Amino acid sequence: MSMSAAYEIDETVDITDVVCPVTFVKAKVALEELDEGQILSIHMNDGEPVQNVPRSIKEEGHQILKLLKNEDDTYDLIVRKAGD
């Protein structure tokens with residue numbers, strides 16, 4: 001891993017195979033399994049998930065670190081879990 005990355009991903013969830021609103025539900029379940037401060041990478045499709053999932057996660061109080069666009073038009077949303 002490059003030293004420039006300020007985070008280390010603890011868990012990855014792939015939601016490219018599901019559609020809204022299941023995308024957020026699946027991401028939320030993955031976040032709930034993490035400890036406070038851990039990092040989740042959410043792999044998702046362009047379009048609705050990119051518009052909705054980050055917003056929903058913010059509303060839950062979690063911290064969005066980065067949204068990375070992949071070459072195949074999918075995205076990886078890097079989220080730090082907040083405490084309750």
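The dialogue below takes up the core, the salt bridges, the surface patches and the backbone in turn.

Mentor: Please note that this is a predicted model, in which local features need pLDDT of at least 70 and side-chain atom pairs count only at pLDDT 80 or more, while totals for chains, interfaces and linings use all residues. Residues are numbered from 1 along each chain as its sequence is written, and side-chain values use heavy atoms, with hydrogens and water left out.

Trainee: Which residues have the most contacts inside the largest nonpolar core?

Mentor: A nonpolar core is a set of buried Ala, Val, Leu, Ile, Met, Phe, Trp, Tyr and Cys residues joined through side-chain atoms within 4.5 Å. Buried means under 20% relative accessible area, exposed means over 50%, and partly exposed lies in between (1.4 Å probe, protein chains only). Here the largest core has 17 residues, and those with the most contacts inside it are Ile 15, Leu 40, Ile 42, Met 44, Val 53, Ile 57 and Leu 77. At least two residues of this core come from each of helix H1 (22-32), strand S2 (39-45), helix H2 (48-59) and strand S4 (74-80). H1 supplies the largest share, four residues. Such helices (H or I, at least four residues) and strands (E, at least two) are DSSP runs, numbered from the N terminus.

Trainee: Is Ile 39 buried or exposed?

Mentor: Ile 39, a residue of strand S2, is buried, because its relative accessible area is 3%. Its C-alpha atom is separated by 14 Å from that of Lys 58, which is 19 residues away along the chain.

Trainee: How many salt bridges are there?

Mentor: The general idea is that side chains of opposite charge can pair when their charged atoms come close. A salt bridge is counted when a side-chain nitrogen of Lys or Arg is within 4 Å of a carboxyl oxygen of Asp or Glu. By this rule there are three. One of them joins Asp 17 and Lys 26, with 3.3 Å between the closest N and O atoms. Asp 17 is classed as exposed because its relative accessible area is 57%, while Lys 26 is partly exposed at 30% relative accessibility.

Trainee: Which parts of the chain does the pair of Glu 60 and Lys 28 link?

Mentor: In this salt bridge the closest N and O atoms are 3.6 Å apart. The pair links distant parts of the chain: Glu 60 is in the loop between H2 and strand S3 (63-69), and Lys 28, 32 residues apart from it, is in helix H1. Glu 60 is partly exposed at 39%, and Lys 28 is also partly exposed, at 29%. A further salt bridge brings together the side chains of Lys 69 and Asp 73, at 2.6 Å from N to O.

Trainee: Which residues gather in the patch of negative charge on the surface?

Mentor: Patches are made of residues with over 30% relative accessible area and no salt bridge; like charges are joined within 9 Å, and nonpolar side chains (Val, Leu, Ile, Met, Phe, Trp, Tyr) within 5 Å. Lys and Arg count as positive and Asp and Glu as negative, with His and the chain ends not counted. The place of a charge is NZ of Lys, CZ of Arg, CG of Asp or CD of Glu. The negative patch consists of Glu 8, Asp 10, Glu 11, Glu 32, Glu 33, Asp 35 and Glu 36. Among them, Asp 10 lies in the segment before strand S1 (11-14) and is partly exposed, with a relative accessible area of 39%.

Trainee: Which residues form the nonpolar patch on the surface?

Mentor: Val 22, Val 25 and Val 29 form that patch, and together they have about 220 Å² of accessible area, a value from the Shrake-Rupley method with a 1.4 Å probe, where only the protein chains shown count as cover for residues. Val 29 belongs to helix H1 and is partly exposed at 41%.

Trainee: Where is there a cis peptide bond?

Mentor: Most residues other than glycine have a negative phi, and most peptide bonds are trans. In this model a cis peptide bond joins Cys 20 and Pro 21, with omega about 0°. Pro 21 is in the loop between S1 and H1. Asp 73, a residue other than glycine, has a positive phi near 65°; Asp 73 is in the loop between S3 and S4.
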